[in-house]
Amino acid sequence: MARKATGGAGRSGESGGSGTAGAAAGSRVKGARRPEVRLPPLEPFGAFGGGELEPDGDYDGLEFLEVDFVGQDGAGARFMDCALRSCALDETRLHHARFLDSVLTGIRGVGTDLAESTLRDVELVDARLGGVQLHGAVLERVVIRGGKIDYLNLRTARLKDVVFEGCVLVEPDFGGARLERVEFVDCALKGADLTAATLKDVDLRGAASLEIARGIDRLAGAVISPSQLLDLAPVLAAEVGIRVE
């Protein structure tokens, strides 16, 4: 079975499409390593009987195409070399699940429970999600491209080599999370909560819009552009008690 090559040292110096490689080098921010997922030939899910997720299920080399997982329980399941395409995940329980070397395209759902899950070498493309629970999760070499995610809960999560690209994040909660080598490229970050978060080599310069609702003091370890600094000036002034009249 073919395996995937992840972005190595040769890619780590790239800006992940943000067009800021030179600036990144100048400010010594380390770029995120992107996954390079190469799926093997896949078998359709349900071809050999069954059509529902199972707790602690083991799914290897499968394609889930337009499957309705609404309200199902797949807690603790492992997905390896899988593709989930246009699946419905409303209220789906995937607590402590593992997604490895997989692609999730066009998934949609409200209240999806992915708390304490692991996403490693994963591409999440054109997702439409609301209130997704990823608190305590581990994301490593993950690209989240396109789509819109409302009220993303990443409290106490660990993100390493993660790229948010061309997506809209509405009131994402990074409270207490650790972000290392995370890039925001052409995406809208609206009302983000960084309370008690720890940032290291986080590149926000490519964000199309940047709004920090709470935790502005946690931006140490991030790099922003001069124009973003001007946009954040009122919040920064309020943080340190400066009155601007």
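Biologist: What makes K200 count as partly exposed?

Modeller: Its relative accessible area is 39%, and the partly exposed class lies between buried, under 20%, and exposed, over 50% (1.4 Å probe, protein chains only). K200 is therefore partly exposed. This is a predicted model, in which local features need pLDDT of at least 70 and side-chain atom pairs count only at pLDDT 80 or more, while totals for chains, interfaces and linings use all residues. Residues are numbered from 1 along each chain as its sequence is written, and side-chain values use heavy atoms, with hydrogens and water left out.

Biologist: Why is the pair of K200 and E180 called a salt bridge?

Modeller: The closest N and O atoms of K200 and E180 are 4.0 Å apart, and the rule asks for a side-chain nitrogen of Lys or Arg within 4 Å of a carboxyl oxygen of Asp or Glu. The pair links distant parts of the chain, with K200 in strand β14 (residues 198–203) and E180 in strand β12 (residues 178–185), 20 residues apart. Strands here are DSSP runs of E of at least two residues, helices are runs of H or I of at least four, and both are numbered from the N terminus. E180 has a relative accessible area of 14% and is therefore buried. Through shared partners, salt bridges join D161, R178, E180, R181 and K200 into one network.

Biologist: How do you know that E63 and R85 tie together separate parts of the chain?

Modeller: Their side chains meet in a salt bridge at 2.8 Å, N to O. E63 belongs to strand β3 (residues 62–65) and R85 to strand β5 (residues 83–85), so the pair ties together parts that are 22 residues apart in sequence. E63 is partly exposed at 24% relative accessible area, and R85 is partly exposed at 29%.

Biologist: Which residue forms a salt bridge with D73?

Modeller: R93 is the partner, the closest N and O atoms being 4.0 Å apart. R93 sits in the loop between β5 and β6 (98–105) and D73 in the loop between β3 and β4 (78–80), 20 residues apart. R93 is partly exposed with 37% relative accessible area, as is D73 with 29%. The structure holds 19 salt bridges.

Biologist: What makes V244 count as exposed, and what does V244 form with V240 and I242?

Modeller: V244 has 70% relative accessibility and therefore counts as exposed. It is located in the segment after α3 (226–239). V240, I242 and V244 form a nonpolar surface patch with about 320 Å² of accessible area together.

Biologist: How many residues does the chain have, and what share of them counts as buried?

Modeller: Of the 245 residues, 51% count as buried. The chain contains 3 helices and 16 strands.

Biologist: What is the average pLDDT of the chain?

Modeller: The average pLDDT, the predictor's confidence in each residue from 0 to 100, is 89, and 87% of the residues score at least 70. Over residues 1–26 the pLDDT is below 50, although this stretch has 50 contacts (heavy atoms within 4.5 Å) beyond near neighbours in sequence in the model. Where pLDDT is low, predicted coordinates should not be read in detail.

Definitions and conventions: Patch = residues over 30% accessible without salt bridge, like charges linked within 9 Å, V, L, I, M, F, W, Y side chains within 5 Å. Areas by Shrake-Rupley, 256 points an atom, 1.4 Å probe, with all protein chains shown as cover.
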